[in-house]
Amino acid sequence: AFVNMIKKIATSPFRALGAMLGEDTQGLDVIAFEKGAWEVPPPEKEKLHRLAQALEKRPNLKVMVQGCYSREADGFELKSLGVRRLLAARLGIELDPAEDPGPPDYGNPVVQAVLESIYVEHFGVDGLEALKNSLVESIPDEGEVKNAMSPPKGNEAEDPGFVSKALYEALVEEEALEDSALINLADTRAQAIIFNLVRAGKLPPQRVSTKESEALELGEPVAAKLELEAL
């Protein structure tokens, strides 16, 4: 029985902790985050508080926190934020350093004009014309519309922001993103977790440490990882 318990602690430490304390610790080994965000969501804060309370009863254990990032999901959000902030700056909107200006008003002609200007800076006038021509070619002609079961979606007649959306999406796709930005996001997530364990959960700082942040596998949920170790 003792050997089996040691094996459980080594292979599934959070489950073993729950079994020893008679508490539900399922899911405490991962802390989920919104894509591109570092703030700990309220449900995950509650999980961290439960973990801190459980560890009060096991002073011989410490938590290892590993920040993680998704190159695809987080990368898209960070690039999108970069384009939105650039757009806001060109529109004369003042933002705080970490403020998100929110989604563009695609139907606003001024927004489209600014997006076109930014697009030309990146891809030139010929690139802008090529994009617009590709959008025109994607709109069904009259015969196709009449024979369709439903009206076409995504063209300018139905959606005034059709061109603006295409410009924005192209700019996001081509937006530069350094690996350091993703690593910094993961590191900040780890620090946010530690804050909730130490400051809000009242766990002694010496019982929390970090591991080097890493990239998640393709398709993995956006979450940081926790491990338990003996002091």
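Because the model is predicted, local features need pLDDT of at least 70 and side-chain atom pairs count only at pLDDT 80 or more, while totals for chains, interfaces and linings use all residues. Residues are numbered from 1 along each chain as its sequence is written, and side-chain values use heavy atoms, with hydrogens and water left out.

**Helix pairs**

Two packed helices are described by the angle between their axes and the distance between the axes. Helices here are DSSP runs (H or I, at least four residues), numbered from the N terminus. Axes are lines fitted to C-alpha atoms over the stretch in contact, and angles run from 0 to 180 degrees between N-to-C directions.

| Pair | Angle | Distance between axes |
|---|---|---|
| H3 (residues 42–56) and H8 (residues 179–200) | about 50 degrees | 9 Å |
| H4 and H8 | about 105 degrees | 10 Å |
| H4 and H5 (residues 109–137) | about 115 degrees | 10 Å |

Angles under 35 degrees count as roughly parallel, over 145 as roughly antiparallel, 65 to 115 as roughly perpendicular and the rest as oblique. So H3 and H8 are oblique to each other, while H4 is roughly perpendicular to H5.

Let's start with H3 and H8. Their crossing is right-handed (the near helix is turned clockwise from the far one by less than a right angle). In H3, Lys45, Leu48, His49, Leu51 and Ala52 meet Ile193, Asn196, Leu197 and Ala200 of H8, where a contact means heavy atoms within 4.5 Å. That contact has six nonpolar residues, two polar and one charged. Here Ala, Val, Leu, Ile, Met, Phe, Trp, Tyr, Cys and Pro count as nonpolar, Asp, Glu, Lys and Arg as charged, and the others, Gly among them, as polar.

H4 and H5 also have a right-handed crossing. Leu86, Leu87 and Arg90 of H4 touch a set of H5 residues that includes Val111, Leu115 and Glu121.

**The largest pocket**

The largest pocket takes up about 440 Å³. A pocket is an open set of points on a 1 Å grid where a 1.4 Å probe fits, with protein on both sides within 12 Å along at least five of seven lines, and lining residues have an atom within 4 Å of a point. Its volume is the space filled by probe spheres set on the points.

Which residues lie nearest its centre? They are Gly36, Ala37, Trp38, Leu78 and Leu81, out of 19 lining residues. Helix H4 (73–90) and H8 each supply at least two residues of the lining, and H4 gives the largest share, five residues. By class, the lining has eight nonpolar, three polar and eight charged residues.
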